[in-house]
Amino acid sequence: MQINSVSLGAQPTASPEKAQLEKVAKQFEAIFLRQMIGTMRQSGGGEGVFDSSATDQFRDMSDARTADTMAEKGALGIAEMLLRQYESRTPAAPAAPAPGKSA
């Protein structure tokens with residue numbers, strides 16, 4: 001069973017500032033998830049028979065990829081909450097003057 005989150009995502013008419021804000025919010029969520037997964041791994045217990053530095057490195061890369069994928073899908077909704085919070089603080093883009101009208 002797969003659960004998809006409801007997210008606005010990048011709209012085609014979105015301003016470059018909004019697209020940049022969305023990108024940064026997803027990156028923040030990915031960093032948060034990486035830290036959370038890493039902490040969960042550390043609390044896992046003792047060492048296994050086949051543990052090595054190579055295994056740890058591979059596990060870290062796998063965890064980072066999992067966190068990036070979860071953030072891209074909006075698994076926790078942190079990026080969406082950040083977007084809602086900061087969109088209200090960003091100034092609206094001024095309307096472009098109509099063609100043929102002089103200022």
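Reply: Let us begin with accessibility. A residue is buried under 20% relative accessible area, exposed over 50%, and partly exposed in between (1.4 Å probe, protein chains only). Lys18 has a relative accessibility of 29%, so it counts as partly exposed. The model is a predicted one, in which local features need pLDDT of at least 70 and side-chain atom pairs count only at pLDDT 80 or more, while totals for chains, interfaces and linings use all residues. Residues are numbered from 1 along each chain as its sequence is written, and side-chain values use heavy atoms, with hydrogens and water left out.

Me: With which residue does Lys18 form a salt bridge?

Reply: In general, side chains of opposite charge can pair when their charged atoms come close. A salt bridge is counted when a side-chain nitrogen of Lys or Arg lies within 4 Å of a carboxyl oxygen of Asp or Glu. Lys18 pairs in this way with Glu87, and their closest N and O atoms are 3.4 Å apart. The pair joins distant parts of the chain, since Lys18 belongs to helix H1 and Glu87 to helix H3, 69 residues apart. Glu87 is partly exposed, at a relative accessible area of 31%.

Me: How many salt bridges does the structure hold?

Reply: The structure holds 7 salt bridges. One of them joins the side chains of Asp68 and Arg34, at 2.7 Å from N to O. This pair also links distant parts of the chain: Asp68 is in helix H2 and Arg34 in helix H1, 34 residues apart. Asp68 is partly exposed at 28% relative accessibility, and Arg34 is partly exposed at 37%. Another salt bridge is that of Arg59 with Asp56, with the closest N and O atoms 3.4 Å apart. Arg59 and Asp56 are 3 residues apart in helix H2 and are therefore separated by about one helical turn.

Me: How many helices and strands does the protein have?

Reply: Helices (H or I, at least four residues) and strands (E, at least two) are DSSP runs, numbered from the N terminus. The protein has 3 helices and 0 strands, and its elements run α-α-α from the N terminus on.

Me: At what angle do H1 and H3 pack?

Reply: Axes are lines fitted to C-alpha atoms, for helices over the stretch in contact, and angles run from 0 to 180 degrees between N-to-C directions. H1 and helix H3 (residues 78-87) pack at about 140°, and their axes are 8 Å apart. H1 is therefore oblique to H3; angles under 35 degrees count as roughly parallel, over 145 as roughly antiparallel, 65 to 115 as roughly perpendicular and the rest as oblique. The axes of H1 and helix H2 (residues 53-73) come within 8 Å and cross at roughly 140°, so H1 and H2 are oblique to each other.

Me: What share of the residues is buried?

Reply: Buried residues make up 13% of the 103 residues in the protein. Among the residues that are not buried is Met36, which is partly exposed with a relative accessible area of 31%. Met36 is found in helix H1 (residues 16-42).
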